[in-house]
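Subject: Structure handover

Hi,

Here is the structure for your files. My notes follow below it.

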Amino acid sequence: MQTAQLAGNLSDAVVITGIGAAALSALSDAPAAYRLVRASGLMTMGVGTDLHTFGDSLVPDVSLAESLDGTGEWLGVFHSFASDELAIGADFVGYAQIYYSLIERHPRLGRAVVVGLTLRSVVTVLAELGERPGLDVSQMLPSLVASNNLFRTRWSSSSFASGVGVLRSNELIVAGPHGFGIVSRPMATSSSDDYATLIERGFSRSVDSIVAATRSDLPVVLSLSGGKDSRALLAFALAGGVASDIRISTLMPSGGPGASRDVISKDLSIASRLVERYGLGWWDQGTSVQRGVTFEENVAHWQDYRGNNSFEMHSRASVTEPIPRWSLVGIGGELLRSYIGADYRKNFPGWWSRAGKGWDDVAADAAALFDIICPNFDIDAELYAESRRAFSDALALREGDGIIAQLDQGYFEYRNRCHGGSAHYQLPFGSRTIYPLVQPEFIAASRLQGTEEAEGGRVLFDLIATGDPELHDLDYASPPWPGGFRTASATASDVWEGFDGRRAMDSLVAARSALPSPRRLDRPEPYAFERSALERIGQNLEPILDALHLGHAAEHGLTGRIARTAQFGDNLVRVLLAATETAADVLQPGAAPTRVLRWDLGAGTPPQPTTVMLDDRSPWGGSRPVEAIRLKSALERIDLSGVTGSVATTRAGAAVRSVEVRIEGLRAGSEAACYLHVGGKRIATEWYKVDPLFRFDVEGAHEGTVRAEVFLRWIGDPVVQRLLQLGE
């Protein structure tokens, strides 16, 4: 048996030379004239399981026009013989992030452009050409000092490397003998299509893709939760009559107390009711063979598959034997509703009450939000102002709309930084990912809706109702639909009576418990990912801090903020690792093998592209020979890692009556605040104090698991340094 190998094929870069001087604003020829001549990544064309994996293999003979509704994660190079012009783009929602850098006057190549799927591949080629970019600190700063996830879930046309841009999902790079330009990508749908037509056509395509998958030789697995996106996938399978042919996968609660455990527990309960109601079967993973994974392999796997601007780094202690399968995932549903904008309006009422809310107010509203979620505490004033301005500039995406729509559009464009790469990331483990919700018709239909219906997810609601209206009669784990949304079902809960999910859940637990322990092929030296990550972060920070040329006080403040971020939680340690690896790649390029396609425009008919491989000058993910002095010193200075806590609960039957949260090891000069959650809902809050004991008398009928979120900081600090998740 063969276990998964953490390696990939996204290091390709394209260098185009012989570009004319003009600034192009549109394609010179019709989209059908451009034929696909080179591709990197994964592409699903049309309906079903026609999945093309690009690397050294031949590419399908398709035109740019035929690829406009193609999903997956791919970079395509299209050539028109009529104008000798190249058009470079990706899938229609930009799940493949394309980086590019235009060189105006290279001493040997003249006007040229470098394009790639990862920032690392582009900066490596630029360094080889003697065009090493600098570090764009304005883009990097929030990822080092802020805990708010918005800085990892918004799009920007700029990258961590100065002069290296990021292509929007609705754009194409055009290069030819006449000139270069970033132009609008042709639409995959007609502007004359009405809402009903778009929903009907998109629904049919989604159903057909699932039906086609079930007719292949591979098992089909649907990732089902308690949310809306995965329920839409189930609606497609039910409408296609193939629900019994797919298997259901859902997460099981594990680890210590935390918000994610509460969510997963609720997801499992709802998914079990759906499995029971429709007679579905669980995914049987069978026995597995494992091999250990080192820290270096974890980092290399992220670098190769996820691209340098994605901060979704995961840590694995081992990998298992790949099980080939089609995976149906709900990625795309978040594009059909207000995924983050409405939440900022609700969760930051003070900011929203002062916001201008209009198109002319976007810059000011964005800057005010930046001040709240990324305080300027201990940050150099000039550095902070540059980063604040870059944040505001990046959110001017939809002309005429206010800040809420800009936040949602920024998230839409960001998709490539979150889920983009996930199909590649899972491929070594046997998963071939299909996105049934990612259809151009659904996105176009959503944009035909009014603000309230679009933000509420009317398209997603109608898709589920089309598949089976009774799916709406079971509660969701996510917030309820807007009150105006109605279905043709009886809207009575009695259709779900008798389906409490216990039988399905018991069968899943029994099946998982019966699985034999995985067989290990090797037992590498164990390591602690967080400790290894902090060491690497410190090593990466040394050249970064040197490049910033800050004074002693400014550097002292910045390292202190970075240290606070590092202590907030494991997830932010991974964010810091990803961000500093990205910055280190800019400052020290050439650490990765990069395959380069060289295309000289006008060099012959037909053109003859050549491929060369740059030298691999150091191992993938190799430790940089630097002692991590400054971060280590900052961590020692502000350390709160030794703080722990406990929760004691008094109940009357199942109802919680009182809770006592005790904090141990709170250092002099620090303070704590506490949120109390019961049954997954926050019911009480006590603000910052130095007293390590929190007592809550609980009124009302509150039942379920008790969890306390404890926030730690130094007195006078406006930023939280650590978050403890405590349970009974």
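**Threonine 214 and its contacts**

Beyond its neighbours within four places in sequence, threonine 214 touches Val220, Val242, Asp245 and Ile246; contact here means heavy atoms within 4.5 Å. This is a predicted model, in which local features need pLDDT of at least 70 and side-chain atom pairs count only at pLDDT 80 or more, while totals for chains, interfaces and linings use all residues. Residues are numbered from 1 along each chain as its sequence is written, and side-chain values use heavy atoms, with hydrogens and water left out.

Threonine 214 sits in helix α4 (residues 195–214). Helices (H or I, at least four residues) and strands (E, at least two) are DSSP runs, numbered from the N terminus. Threonine 214 counts as buried because its relative accessibility is 18%. The cut-offs are under 20% relative accessible area for buried, over 50% for exposed, and partly exposed in between (1.4 Å probe, protein chains only). A polar atom of the threonine 214 side chain lies 2.6 Å from the backbone oxygen of valine 211.

**Overall**

The protein has 21 helices and 28 strands. Of its 728 residues, 57% count as buried. Take the contacts between residues at least 6 apart in sequence: 75% of them join residues at least 24 apart.

**Helix α3**

How many residues of helix α3 (residues 137–145) are buried? Nine of its nine. The cover over them includes α10 (362–373), α11 (381–394), α18 (529–548), α19 (552–568) and α20 (570–587).

The axes of α3 and α11 come within 8 Å and cross at roughly 95°. Axes are lines fitted to C-alpha atoms, for helices over the stretch in contact, and angles run from 0 to 180 degrees between N-to-C directions. From α3, the contact uses Val137, Ser138, Gln139, Leu141 and Pro142. From α11, Leu383, Tyr384, Glu386, Ser387 and Ala390 take part.

**Aromatic pairs**

The count comes to 16 aromatic pairs. Rings of Phe, Tyr and Trp (its six-membered ring) pair if their centres lie within 6.5 Å; planes under 30 degrees apart count as stacked, over 60 as edge-to-face and the rest as tilted.

One of them joins tyrosine 278 and tryptophan 496, edge-to-face, at 6.1 Å centre to centre and 75° between the planes. Tyrosine 278 is in helix α6 (residues 259–278), and tryptophan 496 is in the loop between α16 (458–467) and α17 (502–514), 218 residues apart. Both tyrosine 278 and tryptophan 496 are buried.

Phenylalanine 461 and phenylalanine 485 form a tilted pair, 5.2 Å centre to centre with 55° between the planes. Phenylalanine 461 lies in helix α16 and phenylalanine 485 in the loop between α16 and α17, so the pair ties together parts 24 residues apart in sequence. Phenylalanine 461 and phenylalanine 485 are buried too.

There is also an aromatic cluster, formed by Phe151, Phe370, Tyr384 and Phe391.

**Proline 718**

Proline 718 is in the loop between β27 (706–714) and β28 (722–727). With a relative accessible area of 43%, proline 718 is partly exposed. Leaving aside neighbours within four places in sequence, proline 718 contacts Pro375, Phe377 and Arg713. Proline 718 and proline 375 are 343 residues apart in sequence, but 7.2 Å apart in space, C-alpha to C-alpha.

Best regards

Technical notes:
A polar contact is a pair of N or O atoms within 3.5 Å; within protein, one must be able to donate a hydrogen and the other to accept it, and residues adjacent in sequence count only if both atoms are side-chain atoms.
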